[in-house]
Amino acid sequence: AYANMSRIRLVWGKLWAVIAAQLVGASCHLHRRVALYAVDALRQLVAKLLARAELEHFTHQEEALRPFVAVLRQCDEACVRELAVQCVMQAVASHPRGLGSGWRMVIVALRLGAADHSPAVMAQTQEALQVVVDTLYTCSSSTPAASPAPGAAPGNAAAAAAAVSPSGHTFLRETVQAIVAG
């Protein structure tokens, strides 16, 4: 899979559908070591995928994180589900500004982890949620306020507004804050 990372996104999307399904199946394997290895392989591939910039109207980051949601839904082993939540947490911490469409799958994964019956998975989800909140506050506080300079061209105001709220971080931060508040 790694050797095919340079392919165009349409071709890579078809490859990823097959690879992700295979790795999710392996993540639900009866032998714990096989399952953990499959989730770790997913983590490594997702890290490479998230390093690529997401083009407008593409959702490859969402598709990249979707297998972790499938693992959380389908796997019976608590330690495998816990590792899946750790992988999502690592993706958020490593690529806070580059997640784009991936935020949707992050929220779904955190919701599934929070509803898990295993205390270890729930604790890992709580830690991941803290990382998400910290990441959102760091990203939003590191950007300057969105007030264009007086006399600036009208076209530059839109660019300044886009720079302030990368990938909807403000809305997402408020949503996560409301979830945490109860």
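In this predicted model, Gln124 touches Glu82, Val85, Gln86 and Met89, leaving aside residues up to four places away in sequence. Gln124 belongs to helix α6. Of the residues it touches, Gln86 also takes part in a polar contact: the side chains of Gln124 and Gln86 meet at 3.3 Å. The relative accessible area of Gln124 is 7%. Buried means under 20%, so Gln124 is classed as buried.

Ala115 lies in the loop between α5 (102-114) and α6 (119-141). Its relative accessibility is 65%, and because exposed means over 50%, Ala115 counts as exposed. From Ala115 to Thr125 the separation is 10 residues in sequence and 9.4 Å in space, taken from C-alpha to C-alpha.

The remaining part of this account concerns a pair of helices. Two packed helices are described by the angle between their axes and by the distance between those axes. For helix α2 (residues 32-51) and helix α3 (residues 60-74), the axes come within 9 Å and cross at roughly 165 degrees. Angles over 145 degrees count as roughly antiparallel, and α2 and α3 are therefore roughly antiparallel to each other. Their crossing is left-handed.

On the α2 side, the residues in contact are Val39, Leu42, Arg43, Val46, Leu49 and Leu50. They meet His60, Gln61, Ala64, Leu65, Pro67, Phe68 and Val71 of α3. By residue class, the contact of α2 with α3 comprises 10 nonpolar, 2 polar and 1 charged.

Terms used:
Residues are numbered from 1 along each chain as its sequence is written. This is a predicted model: local features need pLDDT of at least 70, side-chain atom pairs count only at pLDDT 80 or more; totals for chains, interfaces and linings use all residues. Side-chain values use heavy atoms; hydrogens and water are left out. Axes are lines fitted to C-alpha atoms, for helices over the stretch in contact, and angles run from 0 to 180 degrees between N-to-C directions. Helices (H or I, at least four residues) and strands (E, at least two) are DSSP runs, numbered from the N terminus. Angles under 35 degrees count as roughly parallel, over 145 as roughly antiparallel, 65 to 115 as roughly perpendicular and the rest as oblique. A crossing is left-handed if the near helix is turned anticlockwise from the far one by less than a right angle, and right-handed if clockwise. Contact means heavy atoms within 4.5 Å. Ala, Val, Leu, Ile, Met, Phe, Trp, Tyr, Cys and Pro count as nonpolar, Asp, Glu, Lys and Arg as charged, and the others, Gly among them, as polar. Buried means under 20% relative accessible area, exposed over 50%, partly exposed in between (1.4 Å probe, protein chains only). A polar contact is a pair of N or O atoms within 3.5 Å; within protein, one must be able to donate a hydrogen and the other to accept it, and residues adjacent in sequence count only if both atoms are side-chain atoms.
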